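Here are my notes on this one, jotted down while going through the model. Have it open next to you as you read.

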Amino acid sequence: MSGLYIHIPFCKKACFYCDFHFSVSFSMKEKMISTIIDELTFRKDFFDPNDRISSIYFGGGTPSVLSMQEIDKILGTVFNYYLVDKNVEITFECNPDDLDKEYLKGLKFVGVNRLSIGVQSFNDEHLKWMNRSHNANQSLKCLETAAQIGLKNISIDLIYGLPHLSDDEWYKTVNQAFNMPINHLSAYILTMEENTPYIKLVNQGKYDKPNDDISSKHYQILVQLSNEFRWEHYEVSSFCKPSNYSRHNSSYWNGKKYLGVGPSAHSFDSKIRYWNVSSNKSYLEYVPSRENFFESEELNISNRLNENIMTGLRTKWGIDLGKLSKDYKYDISNLFHDDIKYWVSLDWVEIKDSNMRLTDEGMLFADHIASTLFMN
Ligand code: SF4
């Protein structure tokens with residue numbers, strides 16, 4: 001089972017913390033859609049003839065800037081050129097201000113069966129601070145409408161660790177989210193990424209930096225409420241009602257094959273990683289010639305092992321030490337015995353039989369713990 005990712009590189013406004021690839025100019029939108037469709041047609045051989053697509057993911061940018069005709073045309077191309085599983089998960093990332101009743105009905109009609117809505121906060125002041133294009137009321141309204149028209153598979157995104165977001169308000173936000181008609185929550189810590197307006201505003205002294213103590217307190221609240229509501233915390237930033245995992249994201253973590261089309265999209269064919277050029281202009285220029293629109297890197301054994309460790313430790317399933325030892329001749333439990341003992345004593349790591357996983361507390365340090373176990 002394989003995944004297909006479609007990157008729509010346009011947004012109405014630039015959220016100040018965002019380092020994804022997008023443009024706020026829509027002048028090339030029409031040409032972009034036809035070029036993405038072109039890329040879809042000539043990259044179909046990325047998959048073997050028997051590979052079935054089990055998840056399609058519209059990400060961005062903001063896919064909900066697309067018209068229904070454009071979405072229908074893209075999906076029509078996918079169904080014409082690829083072998084698509086009949087129970088395919090089709091996720092559509094969207095912003096609340098785009099989701100009126102007619103648009104939501106249209107999405108359902110063209111076959112979208114999972115929404116990922118960028119709610120981020122239920123507080124208008126915080127939304128303004130982040131330069132989001134929507135307000136809290138639009139989020140509440142679109143969630144209510146989606147439920148009314150029978151869209152049941154809904155994920156929302158929230159951001160925590162904002163320097164002025166109190167613990168009490170974050171508690172209320174998460175509590176409100178878990179009481180909504182959704183089955184999945186992705187919650188991200190605010191970070192300062194290179195080349196974002198946020199880092200510039202911090203450097204100019206106009207905005208505060210994120211604070212680790214605030215972020216970790218917010219994380220504890222999130223995990224506590226997730227447990228109280230009996231949701232599953234199945235990946236560092238991902239929570240769901242029992243077994244309502246994101247099929248598409250899980251395929252990344254499980255090392256499955258996926259093709260990404262559109263500027264900046266990444267692909268993986270089990271051995272080689274590919275990434276498309278992160279510029280709308282270059283993408284439109286190069287794709288028609290079929291040249292120079294992506295770069296690639298063949299993963300060597302240590303890259304593959306390190307990715308297994310990193311992605312495995314970020315999930316609640318952890319890593320199978322016996323399998324790593326068999327597949328890569330790399331016996332982590334012997335090589336890092338003292339480090340692992342220390343983390344176990346801090347209650348960050350649990351080892352049962354041959355499985356190593358991070359506790360809820362350890363997950364906050366997942367990337368650091370994983371990096372110390374890497375093969376050089
Ligand atoms: S809408 Fe999403 S992709 Fe666009 S700027 Fe905001 S966070 Fe980034």
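**Notes on the fold and the ligand shell**

1. Of the chain's 376 residues, 53% count as buried (under 20% relative accessible area, with exposed over 50% and partly exposed in between; 1.4 Å probe, protein chains only). Keep in mind that this is a predicted model: local features need pLDDT of at least 70, side-chain atom pairs count only at pLDDT 80 or more, and totals for chains, interfaces and linings use all residues. Residues are numbered from 1 along each chain as its sequence is written, and side-chain values use heavy atoms, with hydrogens and water left out.

2. Overall make-up: the chain has 16 helices and 15 strands, taken as DSSP runs numbered from the N terminus (helices H or I, at least four residues; strands E, at least two). Its radius of gyration is 21 Å, close to the 21 Å from the globule rule for 376 residues, so the chain is as compact as a globular protein of that length. That radius is taken over C-alpha atoms, and the rule is 2.2 Å times the number of residues to the power 0.38. The C-alpha trace spans about 55 × 50 × 45 Å along its principal axes.

3. On contacts (heavy atoms within 4.5 Å): among those between residues at least 6 apart in sequence, 69% join residues at least 24 apart.

4. Have a look at β6 (residues 184–189), which pairs with β5 (residues 154–160) in the parallel sense over six bridges; pairing here requires at least two DSSP bridges between the strands. Ile-156 has Leu-185 in β6 as its bridge partner. Getting from β5 to β6, the chain passes through helix α6 (residues 167–178) in a right-handed β-α-β crossover, meaning that with the strands pointing away from the viewer, the path from the first strand over the helix to the second runs clockwise. β6 also pairs with β8 (residues 238–240), this time antiparallel over three bridges, and there Leu-185 is partnered by Phe-239.

5. Further along, three strands make an open antiparallel sheet in the order β13-β15-β14. Its edges are β13 (319–320) and β14 (349–352), each pairing on one side only. Two bridges tie β13 to β15 (residues 355–358), and Asp-320 has Asn-355 as its bridge partner in β15.

6. Which residues are around the ligand? They are Cys-11, Lys-13, Cys-15, Tyr-17, Cys-18, Phe-22, Gly-61, Thr-62, Asn-95 and Arg-132, with a heavy atom within 4 Å as the criterion. By class the shell has five nonpolar, three polar and two charged residues; Cys and Tyr count as nonpolar and Gly as polar in this scheme.
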